[in-house]
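Please read them with the structure open.

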Amino acid sequence: MTTAQIWGRRVMFAVLALVIAIPMVNFRRLMTEGVPVGLQHGDINLAYAIGMFFSVLLILVWYFAYVGRGQARVMLGMIYLLTTSVSVVVPLTLLFLGTALPPSWPISIGLASVYGLAGWVLLVSPNIKAFQLYQRQLRSLPI
């Protein structure tokens with residue numbers, strides 16, 4: 001493996017750790033502290049659905065990056081980045097226009113930004129592309 005391929009594998013495992021860590025932290029906080037104040041009025045189903053959408057989509061982008069399927073990675077990555085940017089830009093715009101957002105929104109915007117950054121790295125990193133090339137070469141070798 002070249003240095004770029006090794007770094008690509010490290011980045012892949014770092015993003016996988018992020019995909020696992022953020023839901024685990026959220027679940028732990030939910031179990032120890034209860035439902036956050038901003039989600040006590042029936043909005044928890046919406047927040048849960050949005051969170052699951054981003055988690056599943058990021059896992060799919062990660063999987064296609066790991067197995068070396070470039071076209072699927074790019075297509076899902078674009079959808080992921082578009083939806084993440086909308087979920088970050090719209091609340092920030094409302095915040096700058098003076099709309100009062102629930103107290104949990106800055107944390108949600110921060111988490112969406114981190115998820116968006118992880119998706120961006122999976123989409124454009126040359127190390128990820130080098131690791132994908134390595135994965136394709138490895139899978140094409142006869143056993």
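**Notes on the predicted model**

1. Met12 touches Trp62, Ala65, Tyr66, Leu122, Ile128 and Phe131, when residues up to four places away in sequence are not counted. Contact here means heavy atoms within 4.5 Å.

2. On conventions: this is a predicted model, in which local features need pLDDT of at least 70 and side-chain atom pairs count only at pLDDT 80 or more, while totals for chains, interfaces and linings use all residues. Residues are numbered from 1 along each chain as its sequence is written, and side-chain values use heavy atoms, with hydrogens and water left out.

3. The protein has five helices and zero strands, and its pattern along the sequence is α-α-α-α-α. Helices (H or I, at least four residues) and strands (E, at least two) are DSSP runs, numbered from the N terminus. Of the contacts with a separation of 6 or more, 75% are between residues 24 or more positions apart.

4. Of the 143 residues in the protein, 28% are buried. Buried means under 20% relative accessible area, exposed over 50%, and partly exposed in between, with a 1.4 Å probe and protein chains only. The accessible surface of the protein comes to about 9200 Å², and carbon and sulfur atoms hold 73% of this area. Areas come from the Shrake-Rupley method with a 1.4 Å probe; for residues, only the protein chains shown count as cover.

5. Which residues touch the most other members of the largest nonpolar core? They are Met12, Val15, Leu58, Tyr80, Tyr115 and Leu122, out of 22 residues in that core. Each of α1 (3-33), α2 (44-67), α3, α4 and α5 supplies at least two residues of this core, and the largest share, eight residues, comes from α2. A nonpolar core is a set of buried Ala, Val, Leu, Ile, Met, Phe, Trp, Tyr and Cys residues joined through side-chain atoms within 4.5 Å.

6. Helix α3 (residues 70-96) has 27 residues and reaches 38 Å from its first C-alpha to its last, close to the expected 39 Å at 1.5 Å a residue. The expected span is 1.5 Å times one less than the number of residues. Its buried residues are Arg73, Leu76, Gly77, Tyr80, Leu81, Thr84, Val88 and Pro91.

7. A nonpolar surface patch consists of Leu82, Val86, Val90, Leu94 and Leu97, with about 470 Å² of accessible area together. Patches are made of residues with over 30% relative accessible area and no salt bridge; like charges are joined within 9 Å and nonpolar side chains (Val, Leu, Ile, Met, Phe, Trp, Tyr) within 5 Å. A salt bridge is a side-chain nitrogen of Lys or Arg within 4 Å of a carboxyl oxygen of Asp or Glu. Leu94 lies in helix α3 and is partly exposed, because its relative accessible area is 34%.

8. Helix α4 (residues 105-124) has 20 residues and reaches 28 Å from its first C-alpha to its last, close to the 28 Å expected at 1.5 Å a residue. Among its buried residues are Ile109, Tyr115, Gly116 and Leu122.

9. Leaving aside neighbours within four places in sequence, Gln132 is in contact with Phe64, Ala65, Gly68, Arg69, Gly70 and Arg73.

10. Tyr134 also lies in helix α5. Tyr134 counts as partly exposed, at 23% relative accessibility. Tyr134 touches Met1 and Gln5, not counting residues up to four places away in sequence. Tyr134 and Thr2 are 132 residues apart in sequence and 9.0 Å apart in space, C-alpha to C-alpha.
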